[in-house]
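This briefing concerns selected secondary-structure packing in a model with more than one topic of interest. Please consult the sequence and the structure shown below while reading.

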Amino acid sequence: MTAKVSLRGLYKIFGPNHISMVPHVKEGMDKATLLDQHKHVLGLQDINVDMQPGEITVIMGLSGSGKSTLIRHLNRLIDPSAGEILVDGQDVMKLGQGALRSLRQKQMSMVFQKFALLPHKTVLENAQLPLSVQGADKATCDAEGRKWLARVGLEGFEDRFPSQLSGGMQQRVGIARALTANTDIMLMDEAFSALDPLIRTDMQNLLLELQKELHKTIVFITHDLDEALKLADHLVILKDGAVVQQGEPQGILLRPADPYIEDFVSDINRARVLRVRSVMSDHDGRDCDGDVQAGATLEEVIALSDGDTNHVYRVRDGEAVIGQLHMVDLVRALVPRVASGRTQSN
Amino acid sequence: MAAYDGVIDTLGLRDWCDVGKEDAPLSMAQLLAQAGGDDAAADEGGLPFPSLDVLHEACGRIGQTRDLTAGIEEGFLSIRAELKFVLDPITQPLSWMLDSTLWVFESAPWWIMMPALLLLTYWVSRSKSVTGFVAAVLLFFGFIDHYEVAMQTLAIVFVCTGLSVLLGVPIGIGMSKSDTAQRTIVPILDLLQTLPTFVYLIPLIFLFSVTESKLYGIAIILYAIVPVIRLTDLGIRLVDRDVIEAANAFGLTAWQKLSRVELPLALPNIMAGVNQTIMMSLAMVVIASLVSAPGLGVLVLRGIRNLELGVGIVAGLGIVLLAVMLDRVSKAALARVDTGRKEH
C-alpha cells in the first residue's frame, strides 16, 4: 500500500534565518541551545510519517509539541525549513501558487479547533463555501451543502447564522464544510478539543460513522489520549517537535518505547481501550469456557467472565478461530509496567 | 560688531562670507540699532542664541529666517503652473459633482426633496424612529426659513463623504495589506488631521480660483478622509486570524478573501469610519465657507463678520442639528449591519 501523504525529513525552525539553522539541528543541537545561541525556535525536527489512504492518522502531543505546526505543513499554511511533503507522490513544496490553491481546493479540506466559520454567512453558505470558491453553479452548491448538512445532522438549520448555534453544532457545520469540498484528505486540527466531553463523544462517533462510509484519509490532531486511541488507525506521538513513537495504537499501549510514553499511557482506562486481538495468544486446541470476538474490549471480556481469572476463551474473528485468551494474560495487560515488562522479557 | 564674528574668523570663512556683503538687506535688529545710534542691542544680552538672523549679522552669506519662508513661497510659486496643469483636470470632476449636486438639492422643490430624503433615511436605517427624527429636523429647517442653506450644506457633505469613502476604503485596504504602506501613510494621516485647516487652504487658493467649488471640496475631503482610511485599515487587520486561515486552507484567491471575508467582517469598523467622516466634513463646511462654500457656514461667517449674534447662533445650532441627524442615521445603518451576525 503506498502512502497517501508522506513527510520525509521535515524540519521547521522559526526565526529570520531559519533555513541556515537546519544544519545545526541536524548536527544534534537541542531546542534550548538553539534558542540561546541563535535566537531561533525549533518547531519540528526530522519528522518521517506515512499516512495510508482510508486510515485515520492521529498525531498526538501536549501543547507546544508542534502538532498544530505539523498539520499546517500538509497544505502549506506553514512552509517547512527543510524536507519533503509528498501527496500522492507529488512534492507539495514544488507547487506554484495556482497549483497549491488547487490542491487546497480539491485534495485537502480542513476542520479547525475554533470552527473558523464565516460569522456573516448562513450555515448553508458556510457549508457550500469550498464549492462556491471553485466557481460551481448555485444549484450544485445548494444541493451539496444541504446534503452534507443533513449528513452531519443539521437539517433545518440551513438559514441560521453560526452564532445562533451551539459549539457542537458549529463544529458540525465545520465538518460539513470540509465534506462538501469532496476531498480525499481531511485535516482535523484539534477539531473536538473545544467541545464539552459528551458532545465530544458524539462527534467522535459521528466521525467514525462517516469514515466507515467515506474512507477518507484523515489526519487528526489531538492532545487527548483517549480520543487518540478511539480514533487512530495509526498513532504518532510528538514531543518537543520530534516523533517519539508511532505505530498501531494498541502496540504503543502495550509496548511504550520510552518512559515519557509510559507516563503518558499510565492514566488511561486500559480495559476499555485494549482489545482481545492485542493480548491473545495462539490457540493450542484446549477446551475453552466460551467464545469472544477479537475486536471486543477487555472490559467486555471481564464482564463476561464475571471476574473469574481461571477462564480461557476462544478468540474468533467472525466465525474463524484465531487464538485464545487466558484471563491471567488479560489481567496482566491491565497493569502498564507488568504488561510492558513481560513483553520485553519475551 | 556682531556676536559670532570671532567664530567665523576662526573657521577661516571670512572671505567666503564677505563676497557681495554690501547687497545684503538690513535685518530688523540692525535697523533698530541704527535708529538707536549705538551698539546697545548687541551688548546687553551677552551671547545671543546662534539663530539664522544672528549668524547673518556675522556672515552675510548665511540666510535669514525670512529667506526660509520666502524660499518656500517662491518654490511653491515656481512649480505652481506645472502643479495646476496636472491637478486641474484631475480635480475638475469634483467641481462638476459639487455644482450639479448643489443644483439638484437647490432646485428640487421641497415637496419632492423631503420625501426623497426620508425614503433614503428609511432605506439605510430601517428604523421608523430615526426617520421620524429626520422628518422633524427637515420640517424645522423649513419652518425657520433655513431649508435652502441646510440643503446646500447637506449636498456638500454628501459629495465629499461619498468621495472620501470611494478613495479612503481602497487606501485603507492597501495599508492593511502592507506594513510599509502603513508606515508611510500613517504620518500623512496624522499631518492631515492635525495641520490647522487654514494652512492647507492657502496653497489651494494659490492653485485654484476661489470661485471654483473644487477648492473647498478638496479641503473638506483632505480633512474628512482620514477616519475612513484609518478604520478600514484597522477593521481588516482585526479580522479573526482563524477565519483568514480557514479561507487560505480552502484555497480562496486574494480577491475572494477580500470580498467574501475581510471586507464583510471589517464592515462595522468601516461604517464607524464613515460616520466619523460625515461628522468631520460637516465640521469643515464652516471653514470652507471662507472660500465660497455655500450653506449654513456662510450664515455663521456673517454672524462673526457683522457681529449678528442671532444669525450666527441659529446657523450654528442648525449645523449641530444636521450633525445629530446624520450621526443618528449612519449609526442606525451601522447597527443594521451589525445585527444578524452578533445574535447570541
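The model is predicted. In chain A, six strands form an open sheet with mixed pairing. In chain B, helices H7 and H8 pack with their axes 9 Å apart.

**Sheet of chain A**
- The strand order in chain A is E6-E7-E8-E3-E9-E10.
- Strand E6 (108-111) and strand E10 (242-247) of chain A stand at the edges with a single partner strand each, so one side of each has no neighbour in the sheet.
- From one strand to the next, the twist averages 15°.
- Strand E7 (residues 185-189) and strand E8 (residues 217-222) of chain A pair in the parallel sense over five bridges, and Ile185(A) stands opposite Thr217(A) in E8(A).

**Helices across the sheet**
- Helix H3 (residues 67-74) of chain A lies across strands E3, E6, E7, E8 and E9 of chain A, and runs at about 155° to E8(A).
- Helix H8 (residues 167-180) of chain A lies across E6 and E7 of chain A, and runs at about 180° to E6(A).

**Helix pair of chain B**
- Helix H7 (residues 110-125) and helix H8 (residues 128-143) of chain B pack at an angle of about 155°, which makes H7(B) roughly antiparallel to H8(B).
- The crossing of H7(B) past H8(B) is right-handed.
- Residues making the contact include Trp110(B), Met114(B) and Leu117(B) of H7(B), together with Val130(B), Val134(B) and Leu138(B) of H8(B).
- By class, this contact of H7(B) with H8(B) has nine nonpolar, four polar and no charged residues.

Technical notes
Residues numbered from 1 in each chain as written. Chains lettered and ligands numbered in written order. Predicted model: local features only at pLDDT ≥ 70, side-chain atom pairs only at ≥ 80, totals over all residues. Axes fitted to C-alpha atoms, helices over the stretch in contact; angles between N-to-C directions. Helix = DSSP H or I, 4+ residues; strand = E, 2+ residues; numbered from the N terminus. Parallel < 35°, antiparallel > 145°, perpendicular 65-115°, else oblique. Left-handed = near helix turned anticlockwise from the far one by under 90°. Contact = placed C-beta atoms within 7 Å. Nonpolar A, V, L, I, M, F, W, Y, C, P; charged D, E, K, R; others polar. Pairing = 2+ DSSP bridges.
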